[in-house]
Amino acid sequence: MGTRVHYPKEIKWKAIEMKQAGYTNREIMETLGIKNKTQMTWMRWYKHGETHRFSQPVGKQYVWGKEAQELNEMEQLKMQNRQLEAQLEILKKYKELERRWCQK
């Protein structure tokens, strides 16, 4: 798990500056420690005026102009409760299947 790499927005801006200064993608990747050219999607974002996306976490796509909002403590607890209830239901189903299997 956790194979996706998140580059800070400072690295993204530095890559944009280097590209505008005439550096090649390979030079930018070597200098900034970027592992793959496909990870530099923020070049496209910059060209399309979507620089607000530079601060978004990996795997999160936001609606235009909206930033991630922190959940308050009550919302976090409710979300955690729903997750735990779902896990409990899965465990109950597993135990039932295990019990049936052992009876055969």
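Author: Take pockets to begin with. On a 1 Å grid over the protein atoms alone, a pocket is an open set of points with protein on both sides within 12 Å along at least five of seven lines, the points being places where a 1.4 Å probe fits; lining residues have an atom within 4 Å of a point. This is a predicted model, in which local features need pLDDT of at least 70 and side-chain atom pairs count only at pLDDT 80 or more, while totals for chains, interfaces and linings use all residues. Residues are numbered from 1 along each chain as its sequence is written, and side-chain values use heavy atoms, with hydrogens and water left out.

Reader: Which residues line the second largest pocket?

Author: The lining consists of Ile 16, Lys 19, Gln 20, Asn 25, Lys 37, Thr 38, Met 40, Thr 41, Met 43, Arg 44, Tyr 46 and Lys 47. Helix α3 (42-47) gives the most, with four residues. Helices here are DSSP runs of H or I with at least four residues, numbered from the N terminus.

Reader: What makes up the lining of the second largest pocket by class?

Author: There are four nonpolar, four polar and four charged residues. Ala, Val, Leu, Ile, Met, Phe, Trp, Tyr, Cys and Pro count as nonpolar, Asp, Glu, Lys and Arg as charged, and the others, Gly among them, as polar.

Reader: What does the side chain of Asn 25 make with the side chain of Lys 19?

Author: The two side chains make a polar contact at 3.0 Å. The term requires a pair of N or O atoms within 3.5 Å; within protein, one must be able to donate a hydrogen and the other to accept it, and residues adjacent in sequence count only if both atoms are side-chain atoms. Asn 25 itself is found in helix α2 (residues 25-32).

Reader: Why is the pair of Trp 13 and Tyr 46 called edge-to-face?

Author: By the ring rule there are two aromatic pairs. For Trp 13 and Tyr 46, the ring centres are 6.0 Å apart and the planes stand at 85 degrees, so the pair is edge-to-face. The rule pairs rings of Phe, Tyr and Trp (its six-membered ring) with centres within 6.5 Å; planes under 30 degrees apart count as stacked, over 60 as edge-to-face and the rest as tilted. Trp 13 lies in helix α1 and Tyr 46 in helix α3, so the pair ties together parts 33 residues apart in sequence.

Reader: Why does Trp 13 count as partly exposed?

Author: Its relative accessibility is 35%. Buried means under 20% relative accessible area, exposed over 50%, and partly exposed in between (1.4 Å probe, protein chains only). Tyr 46, at 31%, also counts as partly exposed.

Terms used:
Helices (H or I, at least four residues) and strands (E, at least two) are DSSP runs, numbered from the N terminus.
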